[in-house]
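Let's take a friendly walk through the inside of this protein.

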Amino acid sequence: MAPKRPKGAGAFPKPVESPAPKPPDPSTLYAALDLGTNSCRMLIAQPKGSQIHVVDSFSKSVQLGSGLESTGRLSRGSMRRTIQAMRICQQKLKRHKVKRMRLVATEACRRAKNARDFVRQVRRETGLQLEIIQAEEEARLAVISCAPLVSTKTEQLLVVDIGGGSTELVWIDLSSVPRIERPRAIMRLRGGFHTVDSPFPAAKVVDWISVPLGVATLRDQFRDVEDDAARFALMSWFFEENLSEFAPYKDAPPSEGFQIIGTSGTVTTVAASHLGLRRYDRNKVDGLRMTSDQIDKVIRGYLDLGPKGRRNDPRIGQDRQALIMSGSAILQALLRCWPTDRLSVADRGLREGLLYAQMSADGVLEDGHF
């Protein structure tokens, strides 16, 4: 006897609707915008324990500093491109109803004669208020963004932030700080590089410098040199010459307990090339450690490719290919001065530093180990 057909068999199942993701509470959101010489980048995030959770982001190459080397002014075209990008940022901020934010401009606006006029134009056309910050604050924010990557074994730390228009280097002595406290001591530098009375173990900033050469400005200095290898060598030599005033220690630091953290598109691109990534993956790059030999091998590979090969290399990408050799020249010069077998790659920087500083000041970050 055939089994009885269940009642309702063959009918279309009732669709189960997934609930739409609940938008984050605007009262928990913070925003940080970094307008540099080459890029306009923004993060919208909320605190999550001792870390930040990114809700939305924006990144666009606007080349604000294009032509600045020769004219000393921001061009109409570069300002127009930048304002278009900032309109998108304004729409995102409005959509998420963000109230707490810090929107900063760096080297290009520090140097341009018409920077104040540009800031007023941005306010008039987008409603956003840009703040031009000084080099020391830019360096300090880059440093605190890297706090989670500081090893508890690190006694001497060099943080390098390679930007579009400038490169910041900060040398920090952590030898008097208990190991477990070292990442936390870096975060406390948000208040300034100068030692202040504090009951907590302090990280000591031995020396810092802002070199007015970044990936865009260094490239522009040697744009007229046609030979690819010669241009690279000249850029690297010229950057090293500009480091002569930065000498925190006359002798090379001991390899034991010495860590370099590099934060920039150059460093993350070199790391992605080293890993052979055809599509960028932040989870694989952020925190990766590389040796000087591994970095040198990648850079030699870039030179072997030549300009055409670099343009077509998916590991480099169209946005980065025009600037990767000037960035690599800076990186090579740094590693000649301070060779290391533990350069930590940081896919983080000024934006994250701005977020950490705002959240920490409001007391919404847990004081945990990073």
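Contact here means heavy atoms within 4.5 Å. This is a predicted model, where local features need pLDDT of at least 70 and side-chain atom pairs count only at pLDDT 80 or more, while totals for chains, interfaces and linings use all residues. Residues are numbered from 1 along each chain as its sequence is written, and side-chain values use heavy atoms, leaving out hydrogens and water.

Start with Leu169: beyond its neighbours within four places in sequence, Leu169 is in contact with residues including Leu158, Trp208, Phe246, Leu334 and Trp338.

Helices here are DSSP runs (H or I, at least four residues), numbered from the N terminus. Three of them come up in this report:

| Helix | Residues |
|---|---|
| H5 | 135-145 |
| H11 | 292-311 |

H5 is largely enclosed by the rest of the structure, because 10 of its 11 residues are buried (under 20% relative accessible area, 1.4 Å probe, protein chains only). Among those buried residues are Glu137, Arg140 and Ser145.

How do H11 and H13 meet, and at what angle do their axes cross? The axes (lines fitted to C-alpha atoms over the stretch in contact, with angles from 0 to 180 degrees between N-to-C directions) come within 11 Å and cross at roughly 155°. That makes H11 roughly antiparallel to H13 (angles over 145 degrees). Residues making the contact include Ile295 and Tyr302 of H11 and Leu331 of H13.

Technical notes: Buried < 20%, exposed > 50% of the residue type's maximum accessible area, 1.4 Å probe, protein only. Helix = DSSP H or I, 4+ residues; strand = E, 2+ residues; numbered from the N terminus. Parallel < 35°, antiparallel > 145°, perpendicular 65-115°, else oblique.
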